[in-house]
Amino acid sequence: FLNDPATAEIYTEQIVGSVRCVQETGIGIIVANVPEGLFTSVTIALSLTAKKLATKKVLVKNLDAVETLGSTTCICSDKTGTLTQNKMTVEHLWYDGKKVKGHNRQKHGESHNYEYDINAPGFQLLHETAITCSEAVFDGALPK
């Protein structure tokens with residue numbers, strides 16, 4: 001029956017799963033019986049996670065960061081300049097079921113061809129909501 005590739009694959013997966021279970025149990029026993037083994041176990045776990053991240057071409061300079069990176073499912077980054085330039089700008093608007101580029105009217109002027117219509121009811125509702133929910137303080141300087 002092991003000549004069948006599908007059956008052999010199933011048994012291989014079960015064996016690999018059993019080996020992992022034995023390894024995890026062994027590490028647990030080491031930590032439970034020998035408190036000094038905790039540091040070694042953590043280092044091994046971090047090293048294995050670093051190896052997994054390396055296969056995904058992630059560069060890790062600090063081994064402590066591996067624990068955080070290994071359990072991360074979503075990374076959000078800020079590309080609007082809020083952190084680097086201390087400015088918050090709108091890049092895209094979503095209203096009436098469509099996404100449009102949010103060009104700045106003060107910066108581009110009235111003659112620019114905008115993707116959004118400021119007279120559309122959906123835009124008006126978005127605009128009113130943004131104003132109501134914002135705690136922004138404006139100064140007289142125009143964005144660069």
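In this predicted model, helix H2 contributes 5 residues to the lining of the second largest pocket, the largest share of that lining. The protein comprises 6 helices and 2 strands, arranged from the N terminus in the order α-α-α-α-β-β-α-α. Of its 144 residues, 11% count as buried.

**Second largest pocket**

- The lining is formed by Arg-20, Gln-23, Glu-24, Ile-27, Ser-41, Ala-45, Leu-48, Thr-49 and Lys-52.
- By residue class, the lining of the second largest pocket is made up of 3 nonpolar, 3 polar and 3 charged residues.

**Nonpolar core**

- The largest nonpolar core has 7 residues: Leu-93, Tyr-95, Val-100, Tyr-114, Tyr-116, Ala-120 and Phe-123.
- In soluble globular proteins, nonpolar side chains tend to be buried together.
- Tyr-95 belongs to this core; beyond its neighbours within four places in sequence, Tyr-95 touches Val-100, Tyr-116, Asp-117, Ala-120, Gly-122, Phe-123 and Leu-126.
- Among these contact partners of Tyr-95, Val-100, Tyr-116, Ala-120 and Phe-123 are also members of the largest nonpolar core.

**Salt bridges**

- The whole structure contains 2 salt bridges.
- One of them joins the side chains of Lys-101 and Glu-91, with an N to O distance of 3.2 Å.
- Lys-101 is located in strand E2 (residues 98–101), whereas Glu-91 is in the loop between helix H4 (82–85) and strand E1 (92–95), so this pair links parts 10 residues apart in sequence.
- Lys-101 counts as partly exposed because its relative accessibility is 26%, and Glu-91 is likewise classed as partly exposed, at 33%.
- A salt bridge is also formed between Glu-110 and Arg-105, whose closest N and O atoms are 3.4 Å apart.
- Glu-110 has a relative accessibility of 64% and therefore counts as exposed, while Arg-105, at 24%, is partly exposed.

**Contact range**

- Considering contacts in the protein with a separation of 6 or more, 19% are between residues 24 or more positions apart.

Definitions and conventions: Residues are numbered from 1 along each chain as its sequence is written. This is a predicted model: local features need pLDDT of at least 70, side-chain atom pairs count only at pLDDT 80 or more; totals for chains, interfaces and linings use all residues. Side-chain values use heavy atoms; hydrogens and water are left out. A nonpolar core is a set of buried Ala, Val, Leu, Ile, Met, Phe, Trp, Tyr and Cys residues joined through side-chain atoms within 4.5 Å. Buried means under 20% relative accessible area, exposed over 50%, partly exposed in between (1.4 Å probe, protein chains only). Contact means heavy atoms within 4.5 Å. On a 1 Å grid over the protein atoms alone, a cavity is a set of points where a 1.4 Å probe fits but cannot get out, and a pocket is an open set with protein on both sides within 12 Å along at least five of seven lines; lining residues have an atom within 4 Å of a point. Helices (H or I, at least four residues) and strands (E, at least two) are DSSP runs, numbered from the N terminus. Ala, Val, Leu, Ile, Met, Phe, Trp, Tyr, Cys and Pro count as nonpolar, Asp, Glu, Lys and Arg as charged, and the others, Gly among them, as polar. A salt bridge is a side-chain nitrogen of Lys or Arg within 4 Å of a carboxyl oxygen of Asp or Glu.
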